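Have a look at the fold before reading on.

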Amino acid sequence: MIHRTLSNWLCGAAAMAVVASPIAAQTAAQPADPAAQATTPSITGALDIPADVAILGKNDPNSRKPTAVVNGQIVTGTDVDQRVALIVAASRSEIEPAELQRLRMQVLRNLIDESLQIQEARAQQIEVSQAEVDQTYARVAAQNFGQNVEAMDAYLTRIGSSSNSLKRQILGELSWQRLLRRNVAPFVNVSAEEVNEMLQRLEASRGTEEYRLGEIWLSATPENAAQVEANINQIIEQLRGGGSFLGYARQYSQSSTAAAGGDLGFVRLEMLPSELAVAARQMQPGQLVGPIANSGGYSILYLIDKRAVLTSDARDAVLSLKQISLKFEPGITESQAQAKLATFTTTVQAMKGCGDADNRAQAIGAEVVSNDGIVLRSLPEQLQPLLMELQVGQTTPPFGSARDGVSVLMLCGRDDPQATGAPDFDDLMSQLEDDRVNKRAQRYMRDLRNDAVIEYN
C-alpha cells in the first residue's frame with residue numbers, strides 16, 4: 001500500500017541516530033539518610049544509588065502532560081499528538097492504551113532529541129533553508145502520491161498529523177546529517193590494512209551463508225529486566241499484529257542501527273553474539289523471533305533474507321514481467337466466478353508470448369500492466385520459485401481471490417545475476433566509515449542530552 005510505505009518513512013522520527021529507551025526506569029535520586037546508606041548495598045557503578053530506594057513525595061510520571069521546553073524551545077502536546085499519529089498509521093493495527101502511553105513518552109523523547117539536533121546545528125552555523133525542506137517534502141510526495149503534494153497534505157491531515165510535523169522531521173534529519181558530516185565524519189579514519197583484512201575474511205568465507213537481519217534491542221539491568229521483557233513482548237505482539245518493524249525499530253531500539261530501522265545488513269553468524277547466532281540459524285526469511293536475552297538486554301530478530309557469501313543467487317535475477325488481471329464484479333456468485341476463472345485460464349494458456357498478451361487480454365476484459373527491472377527476490381516468496389522455473393512467454397498459475405480478482409505473471413525477459421565477487425574496496429571502506437560515524441553520533445547525542453536544560457509541564 002502506498003500509504004503504508006509513506007508511514008514507514010514518516011515514523012523514523014527524522015532518522016534519529018539513537019533513540020532513548022521506551023521503558024527505562026526514571027529514578028529520581030533523593031537525599032538519603034547517611035546511616036541508611038551505610039547499611040544498604042549500593043548499585044554497582046559510578047552512581048551512588050542505594051538498592052532500596054525510598055521515594056520522598058509523589059512521583060507519578062503518567063500525570064505529566066507530554067510537553068517540554070528544551071533550551072527555551074517549546075515542544076507542545078500537539079507536536080506529540082501529530083507525531084504519534086504517523087506511527088499509529090504505520091502500525092496497521094490497534095494500539096492498546098498502555099502501549100499508546102509508552103509510545104507518547106517515546107515520541108516526546110524523540111522530539112526533544114530532534115530539538116537538540118536542530119539547535120546544535122544552528123549553534124554551529126549550519127543552516128537548512130525552508131526551500132530545501134520543501135524540496136525534500138515534495139520528493140516524498142512524488143514517491144508516494146505522484147507529484148501531488150496536496151494529496152499528501154490531505155492524507156496527513158486525515159490521519160491526525162500535518163505537513164508541518166513532517167517538515168520538522170525533515171529539518172531535523174537534514175540538520176543532523178550536515179552536522180555529522182562536518183563535525184564527525186572528517187575525524188573518522190579507516191586504514192587500508194583494515195579494509196584489506198576484511199576483504200580477506202570475506203574471501204575465506206566464500207559460499208557460507210550470511211543473514212540479513214533486523215534487530216530491535218532494549219537494554220536491561222537485573223533490577224528492571226522483568227519490566228523490559230514485558231515491554232518487548234508487547235512490541236512483538238504489535239509486530240505480529242501487522243506493525244511496521246522498520247517503524248518500531250526506529251522508535252524503540254537502543255542499538256546504533258535504530259536510524260536504519262534496525263537493519264544489520266548481511267552478516268555471518270560468527271559475527272553475532274552467540275545467543276543471536278543460535279536463533280538466526282533456525283530462522284526462515286520473514287520470521288520474527290524474541291525476546292532473546294543477550295549481554296545487557298533483550299533483542300527481537302527479524303530475518304529479512306539470507307544468501308551465500310560471494311556467490312551468485314538466482315533470486316538476484318532482474319525480470320521483465322507482465323501482470324494480466326481480471327477483476328470480478330461486486331456480488332458475483334461462486335459459480336459465476338468459477339466460469340470467469342475458467343475463461344481467463346484458457347485465454348492465458350492460449351497466449352503466444354508477451355507480444356500476444358495485450359490483444360487476447362483485451363478480448364476478455366482483462367488488464368495488462370508491464371514492469372521492467374523487477375528483482376526476483378523482491379517479489380512475494382510464494383511466487384519466487386514459480387518464476388525461477390519459467391521460460392520467456394510462460395506464465396505463473398493464476399492467483400487472487402473473488403474479492404480482488406485473478407492474476408497471472410508472464411515472464412517477458414530475465415537478466416541472470418553475474419557471479420558475485422568481493423565488494424569494491426572503496427565501498428567496503430565507506431561502509432566501515434559509516435559504522436564508526438554512527439557510533440560517534442551516538443556519543444554526540446548523549447553529550448547534547450547531558451548538557452540540555454529541559455523543563456516539563
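Let's start with helix 5 (residues 130–145) and helix 6 (residues 149–158), which pack with their axes 8 Å apart and at an angle of about 90°. Helix 5 is therefore roughly perpendicular to helix 6, a label used for angles of 65 to 115 degrees (under 35 degrees is roughly parallel, over 145 roughly antiparallel, and the rest oblique). The axes here are lines fitted to C-alpha atoms, for helices over the stretch in contact, and angles run from 0 to 180 degrees between N-to-C directions.

Which residues of helix 5 meet helix 6? They are Tyr137, Ala138, Val140, Ala141 and Phe145, and on the helix 6 side they meet Val149, Ala151, Met152, Asp153, Tyr155 and Leu156. By class, this contact of helix 5 with helix 6 has ten nonpolar residues, no polar ones and one charged. Contact means heavy atoms within 4.5 Å. For the classes, Ala, Val, Leu, Ile, Met, Phe, Trp, Tyr, Cys and Pro count as nonpolar, Asp, Glu, Lys and Arg as charged, and the others, Gly among them, as polar.

A word on what you're looking at: this is a predicted model, where local features need pLDDT of at least 70 and side-chain atom pairs count only at pLDDT 80 or more, while totals for chains, interfaces and linings use all residues. Residues are numbered from 1 along each chain as its sequence is written, and side-chain values use heavy atoms, with hydrogens and water left out.

Zooming out, the chain's secondary structure comes to 15 helices and eleven strands. These are DSSP runs numbered from the N terminus (helices are H or I with at least four residues, strands E with at least two). Of the 457 residues, 42% count as buried; that means under 20% relative accessible area, with exposed over 50% and partly exposed in between (1.4 Å probe, protein chains only). Among contacts in the chain with a separation of 6 or more, 74% come from residues 24 or more positions apart.

Back to helix pairs: helix 4 (residues 97–123) and helix 15 have axes that come within 10 Å and cross at roughly 95°. Helix 4 and helix 15 are therefore roughly perpendicular to each other. Here Asp113, Leu116, Gln117 and Glu120 in helix 4 meet Tyr444, Met445, Leu448 and Arg449 in helix 15. By class, this contact has four nonpolar, one polar and three charged residues.

Ala452 sits in the loop between helix 15 (425–451) and strand 11 (454–456). Ala452 counts as buried, at 18% relative accessibility. Leaving aside residues up to four places away in sequence, Ala452 touches Asn71 and Leu116. The C-alpha atoms of Ala452 and Ile112 are separated by 9.6 Å, though these residues are 340 apart along the chain.

Strand 10 (residues 405–415) is mostly covered, with eight of its eleven residues buried. Strands count as paired if DSSP finds at least two bridges between them. The two partners of strand 10 look like this:

| Strand | Residues | Bridges to strand 10 | Sense |
|---|---|---|---|
| Strand 7 | 318–326 | nine bridges | antiparallel |
| Strand 9 | 399–401 | three bridges | antiparallel |

Val406 in strand 10 has Leu326 opposite it, and Gly400 stands opposite Val406 as well. Ser401 has Gly405 in strand 10 as its bridge partner.

Cys354 and Cys412 form it, with their sulfur atoms 2.0 Å apart; the rule is a pair of cysteine sulfur atoms within 2.5 Å, and the count comes to one disulfide. The pair links distant parts of the chain, 58 residues apart: Cys354 is in the loop between helix 12 (334–350) and helix 13 (357–363), and Cys412 is in strand 10. The link of Cys354 and Cys412 is left-handed, with -105° about the S-S bond. Are the two cysteines buried or exposed? Cys354 is buried, with a relative accessible area of 15%, whereas Cys412 is partly exposed at 24%.
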